[in-house]
Amino acid sequence: MRLSDRHVGRRSATGSSNALELRGVSKRFGALLALDDVSLTLRPGERRAVLGSNGAGKTTLFNCISGDFPPTAGEIRLYGEDITAFPPQERIRRGLRRTYQISLLFTGLSVLDNVYLACRGVLRRRFSMLRPSRSEPAFLSAVELVELAGLDEVGGVPVSELSYGQQRQLEIAMALAGAPRLLLLDEPAAGLSPTERQALVDILKNLPDHIGFVIIEHDMDVALQVSEFVTMMHNGRVFKEGKPRELESDAEVQALYLGEVDG
Amino acid sequence: MADPAANGNTDSGGSRIGRVPAGYWLAGAFLLVVPSFASNFVMYQIFGWSFILGMISLSLMFLAGYGGMFSLAQMTVAGLAGYVVAICGTSAITDISQNWPWYINIPAALLIAAIFATIVGWLAVRTEGIYTIMITLAVASAFFYFTRQNYVLFNGFSGFNGIFPPQLFGVDWRNPIAFYYLALFWAVFWYLAVLYVSRSPMGLALQGIRDNPRRMAALGFDVTLHRVAAYTFAAFPAAIGGILLTWQSAQISPGTAGIGPVIDILVIAVIGGLRHPIGPFVGAFVYVILKSFSIDILVALGMAGERFQLLIGLGFLAIVFWSPDGLLGLWAKLRDLNRRDPLIGRLVRRL
Amino acid sequence: MVRRFARAHPWWSIWIAVATLVLLYLIFAIWPPWLIALLGKKKLFLNSLFNGITLGSLYFLIASGFTLIFGLMRNVNLAHGSLYMLGGYIGYLVGDLTGYWLLAFPAAFVAVGLFGILLQYFVFRRMEGEDIRQTLVTLGISIVLADIMLWMFGGDFYNISPPSWLSGPMDTFFVTGVKRSSGELIYLKYPLVRIAILIASIVIGVGMWLALNRTRIGMLIRAGVDDRDILSASGIRIQLVFVAVFAFGAGLAGMAGVVGGTFQSIAPGEDIRFLLASLVVVIVGGMGSIPGAALGAVIIGIAEQFGSVYFPTYAVVVTFLIMVLVLAFRPRGLLGRN
């Protein structure tokens, strides 16, 4: 199913600027240099996979982009705007979304309520004490996103009672709330069954063209199916970049990646 | 949980009334006809007091159950509202009381209570969850000591007496039957209001903040402001409860919002259950029954009659140990036992 | 460290320096008439100051255990005041039976510490990580303990009397004034037992600081206060550390009960009073910090004493006002981590 225009309504054209541009981004935790001079450029609507072993700095990269931890050096631009020093919610308002590896859902609320909150977050009247009507745009978007994620059967169930795979699907539904332009997907396929993985690939492939994403994924199959371009990271640095095909046949990448997976 | 309206947005609208479980209708009908057979003591001291304590605990339940904020200052908010009514309205302390009409002193009481609660909330939410108990307990005791020491405004140790509800619409609201219906009305009103708000953006956001403040901030919500707003909202049921409490006992003194009553409100909410707005009323009813008949209960158990605190303390501990969701949780567990599938022994859920 | 602080907060340093000088002047100078007109007799001032400091030392004994337990286990021990009172009653009984005041201290420490071990082992260990539930349990325990103690000891005041060699006043070298007739200096007399207790608290405080900063287990506990995952990762048996810290904090509260029973008296309601005092001290000083507890205890002790002398009506309110101000500007307390 396609997303309707209501909640993915295009922002005004952003000219020729890149969707995301990282210049010399570094992140240091004490003595540990988790990110070392990373530069990265994404065109609007581009789908990029970031691969690499554990500790290669992938999740740190996401934390810097989403604003969870600011980088120690470098510059991050979102659609031409310098967002390096912005708090997370300001980045959200500019169309950036992320999912988390560990589940950060509202466990006491229902699936629909989770998505509804995600839809409301970017709108006005967040302090309203009036119950939402069934025709409220945020509510309609929430219903639609829940369907899109294939969760419509469990819409009223508290999140604490969902299966792991369903929670991952919910993460994606929440990330799609409220006109996103760029998604950061942190291992969305981890822990999913083969069927659920295929459903995930379908959801990602069917996203509207103007929504780009960066995906961290251990499952090469998923990562290469949904992405147009691949960045390989190692020890906090960008190690190699290229089309999925090129990297698949690259001996160095194979050695590094397969070595990690086997070990 | 037996919540007629908490099943999610999916089924809002339509025949909301038709889906209220029969138990609620029965309880409502029973409460309406209580005055036809109950004595004045039962109406005034048992039911009236339960409704009032229930309302004040409800304001704590709203903060703690939905927002994860265990504020011990809710009885203080109630006490402050009672004091404002005594100071601005009429009491036996004619030197201080201003004799203003009810349509000034009651709104003034609500307003001042709301402002006070907002300030307390602002102080308390600047730190993380667990500090809330400490800070609000300290604020509550500051209020207690202040009212006890201040004679200019709060008349110190003895406080105010002779505070009566106004004669409105030709009804003497001190009359047990009238007061019963007045307290019942406000209890039901706030019960429904909290239930309603829990499904609004404000209420949902509060529950989201309870579950995961970091994620809520990442979604674009202002976590601190939502928490403070919750304190402001919760001030109103507490303040109404405080005014009714003042009328019910015709007096207010520092002891009304002393450390004991402040802690009792938490005990009531926890015993009843923090998951649903009916919990505080269940807890209040149990508390009032125990308090009114503890002598008989204790003597029947072969103990000295004055050990009420021991009884309530042990009951509280038992609840915290075995049923963190209070009596409501126990009830839900019992009900679930009956719904278990006899073959696989697992819970059969109605989706 | 001083230099670093001075460089980081120049204005604060100046204020602290000025306040220290003024305080030193007020303590050591012979007061000119205008100062006496302004503040009253110097003896009154010195007495309130010293009473404040000694009261602060009592608060420190209670609050340091409270803050340690809170810092390490995130357990707001609302039964801490009850442990204090329990210690007071035990100390009274032991002192009364044996006739040795000094014996009351180890007795209260051991008995209340054991009670703490039982609590940690049978209650809190079962709800590891559930902050709110643990706190509610301590609240329930305090209600139950208060009523049991009321049952056993009744509503009377119990006073633990210090031995004869500690009772009575002691001459100090602080000048309170000049005799008008002879021009002789008058020196302040101060109760010996209060000074003894002040010294004992300082020794305990310094001992705790050394234990926390110089021993392996102490450093582990401090690391655990900062980041609790470190403890479990260090391979040490975390439950043992928890039990030890809880027992030590409870024992300190029990010992403080003996001190409180000597200073003042033990009676129903004192548990809440000292629970509140520890809450305020810890909120002001900084949660989980021992130096913070010391600073907060002295500030609150002095504020209470000066309040009761100079603004008797609002003495209690002054301390809460300090708390509100600290909360408004430094939500984590004066020495708390921000």
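**Val38(A), in β2(A), is the bridge partner of Val25(A).** The model is predicted: local features need pLDDT of at least 70 and side-chain atom pairs count only at pLDDT 80 or more, while totals for chains, interfaces and linings use all residues. Residues are numbered from 1 along each chain as its sequence is written, and chains are lettered from A and ligands numbered from 1 in the order in which they are written. β1(A) and β2(A) run antiparallel and are joined by seven bridges. Helices (H or I, at least four residues) and strands (E, at least two) are DSSP runs, numbered from the N terminus. Strands count as paired if DSSP finds at least two bridges between them.

**An open antiparallel sheet of four strands in chain A has the order β2-β1-β4-β5.** The edges are β2 (32–42) and β5 (81–82) of chain A; each has a single partner strand, so one side of each has no neighbour in the sheet. Strand β1 (residues 20–29) and strand β4 (residues 73–78) of chain A pair in the antiparallel sense over five bridges. In β4(A), Arg77(A) is the bridge partner of Glu21(A), and Glu75(A) is that of Arg23(A). Helix α2 (residues 58–66) of chain A lies across β1, β2 and β4 of chain A, at about 65 degrees to β2(A). Such angles run from 0 to 180 degrees between N-to-C directions, with axes fitted as lines to C-alpha atoms, for helices over the stretch in contact.

**Six strands of chain A form an open, mixed sheet in the order β6-β7-β8-β3-β9-β10.** At the edges stand β6 (96–98) and β10 (237–242) of chain A, each with a single partner strand, so one side of each is left without a neighbour in the sheet. On average, neighbouring strands of this sheet are turned by 20 degrees against each other, direction ignored. α2(A) packs on the sheet and touches β3, β6, β7 (182–186), β8 and β9 (229–234) of chain A; the direction of α2(A) makes about 150 degrees with that of β7(A). Strand β3 (residues 47–52) and strand β8 (residues 212–216) of chain A run parallel and are joined by four bridges. Within β8(A), Val214(A) is the bridge partner of Arg48(A).

**Helix α9 (residues 223–249) of chain B has a kink of about 25 degrees at Phe236(B).** The kink comes shortly before the proline Pro237(B); the bend at a residue is the angle between axes fitted to the seven residues ending there and the seven starting there. The expected span is 1.5 Å times one less than the number of residues. Of the 27 residues of α9(B), 22 are buried, where buried means that 20 or more other C-beta atoms lie within 10 Å of the residue's own, exposed 12 or fewer, and partly exposed in between, with C-beta atoms placed from the backbone.

**Chain B touches chain C through 29 residues, in contact with 33 residues of chain C.** Contact requires that the C-beta atoms of two residues, placed from the backbone, lie within 7 Å. On the side of chain B that touches chain C, α5 (129–149), α10 (259–272) and α12 (308–322) of chain B are the elements that give two or more residues. α5(B) gives the most, with 12 residues. Leaving out residues up to four places away in sequence, Ala138(B) touches Leu276(C), Leu279(C), Val280(C), Ile283(C), Phe320(C) and Met323(C).

**Val115(A) and Ala138(B) touch the most other members of the largest nonpolar core, which has 275 residues.** Helix α2 (residues 40–67) of chain B gives this core its largest share, 16 residues. A nonpolar core is a set of buried Ala, Val, Leu, Ile, Met, Phe, Trp, Tyr and Cys residues joined through C-beta atoms within 7 Å. In chain B, 51% of the 351 residues count as buried.

**Thr67(C) sits in helix α4 (residues 42–73) of chain C.** Thr67(C) counts as buried because it has 30 C-beta neighbours inside 10 Å. Apart from neighbours within four places in sequence, Thr67(C) is in contact with Val282(C), Met287(C), Gly288(C), Ser289(C), Ile290(C), Gly292(C) and Ala293(C). Leu136(C) is 69 residues from Thr67(C) in sequence and 17 Å away in space, C-alpha to C-alpha.
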